[in-house]
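Today I'm looking up salt bridges and who takes part in them.

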Amino acid sequence: MPSTIAPVTKPAGGDRPSPKFERALLQLEELCSTLQPGDRIPALPELMRRFQASERAILRSLDELQRQGRIIRRHGSGTYIADSPPVPPAAAFSTTIAQQSIVAVRTPDNSYFDRCVDLLFGHSDALGLPLICRIVSTSASVEVADSLVPSGAEAHLSFVLFRYHLAPLAKRLQEKGCRVVIVGAPLADVTPEVPCVYGDHQEGGYLATRHLLDLGHCRIAYHTMDENYHRTLRWRGHQRAIEEVERRSGGKIAASVLDDAEMLAWRTDPARAQAFFRSSDAPTAIVAWNDHEAARLVIALRAAGIRVPDDVSVMGYDNLPEGQLVQPLLSTIDHSMDWQLRTALDLLRRPALPTPSHTMTVLPTLVPRGSTARLA
C-alpha cells in the first residue's frame, strides 16, 4: 500500500514577484506560445502598449524568458523565439558533478514543470546539493540514460524524473547504479516499478468534479492534453463523483472531453467559441488540464464575450501561480507540489534504498475561488 501524506500549509510571507510582473510574464508567455522558433518578438514600446505594462515589468519578464532559454536577444537586431535548447556533451556535463548532485529530468512544458524545477532548486539549494536540469523529448528512449550519466559518475548522481511516462528511462538509470525517484502519477491499474511521489489524482479529480456538481452543474467538459486521459487516475476520480451524484439524484450528468486542438481553435477564432457555447447542450463548466491552460481559457472566453463564471465556470488544476494572475481568480486543486519535492529528495538521501514499488502519495485539497459559481 502506498504511504499517504497530508499536505502542509506554507507559511505566509517571503519574497514574491509583483502582480504587475507576473501579469506581464503570463502575457508574454501567451504571445511566445503563438510564435515559431526564429520569429521576432515585437519591440519594447509595442509590448508596453499591447499589454498596458510598465517598461520595468516588460524588461523583467524578458529577462526571465531569456533565463529559461525561451528567447534570444540579438544586439542591434531584436528579440527572437529560441530553438529547443541543445543537449550538452557528456564531458561538459561531468564538470558540474559534485560529491552528490541532483539531476532533474523533464519534458518541454509551458508552465507546470518550470514551477516544479523552481521549487526543487530551492530545496536542493537549502541542502547544499547542486541541481542540474536536463530536458528530454516526450518520446525519449532509454538510450538517453547514457548521455545523462557520464562514465564513473553513477554514485554521485540522484535523479528526479517528472512524469511517469519516463519510467523506462528511470529503470535504465537504476540499472546504471543511480538513485531515481519519479514525481508523477502512473496510469490507473499500473503498479509502479520505480520509487514514485505523486498527488492522489483520483481524489483530485473527484474533488474538482464534486465541487462543480455541488454548484448545480450537470454538463461538464474536461480539457485534456493526454491521449490516455481515460486511463488516468484523475479521470477515474471524475467518474466516481459523477456516479455518486447520479445514484443519489437519479439524474444524468453529461460529461464530455475537449481536446487541446479545440481549445487552441477558440484562442485563434473567437467566433468558434461563441458558436460552441450557443449550443443548447454546451457545458456549463469546464475542468482544465492545469491552471496555465485554465488561465489561457479564461482569456480566450473573454475575447469571445463569454463571461466566467456567469456563462461558464472554469476549474483549474495544480494550484500554479498563473491561477492568481487572471480575473476572476481560478478555483483549483492543490497537490502540494512543494511537499512532493521535499519527499522526493528525502527518498534520494536515505541511507537505505527504497523498494522499486515504493510510492508516496499526497492528499489534495480544493481551493475554491471566483472562476466557479453556482449555476443560475
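I started with R210, which comes out buried at 17% relative accessibility, since the cut-off for buried is under 20%. This is a predicted model, by the way.

Which residue does R210 form a salt bridge with? I found E244, with the closest N and O atoms 2.8 Å apart. E244 sits in helix α9 (residues 233–249) and R210 in helix α8 (residues 201–214), so the pair ties together parts that are 34 residues apart in sequence.

Next I looked at E46 and R50. Their side chains meet in a salt bridge, 3.4 Å from N to O. Where do E46 and R50 lie? I see both in helix α2 (residues 44–51), four residues apart, which is about one turn of the helix. For accessibility, I noted 26% for E46, which makes it partly exposed. R50 is partly exposed as well, at 40%.

Then I turned to D346 and R350. I get a salt bridge between their side chains, with 3.0 Å from N to O. Buried, partly exposed or exposed: what is D346? It counts as partly exposed, at 35% relative accessibility. R350 is partly exposed too, with 32%.

I found a network of salt bridges linking E29, R70, R106 and D114.

Last entry: how many salt bridges does a search of the whole structure find? I wrote down 19.

Methods:
Residues are numbered from 1 along each chain as its sequence is written. This is a predicted model: local features need pLDDT of at least 70, side-chain atom pairs count only at pLDDT 80 or more; totals for chains, interfaces and linings use all residues. Side-chain values use heavy atoms; hydrogens and water are left out. A salt bridge is a side-chain nitrogen of Lys or Arg within 4 Å of a carboxyl oxygen of Asp or Glu. Helices (H or I, at least four residues) and strands (E, at least two) are DSSP runs, numbered from the N terminus. Buried means under 20% relative accessible area, exposed over 50%, partly exposed in between (1.4 Å probe, protein chains only).
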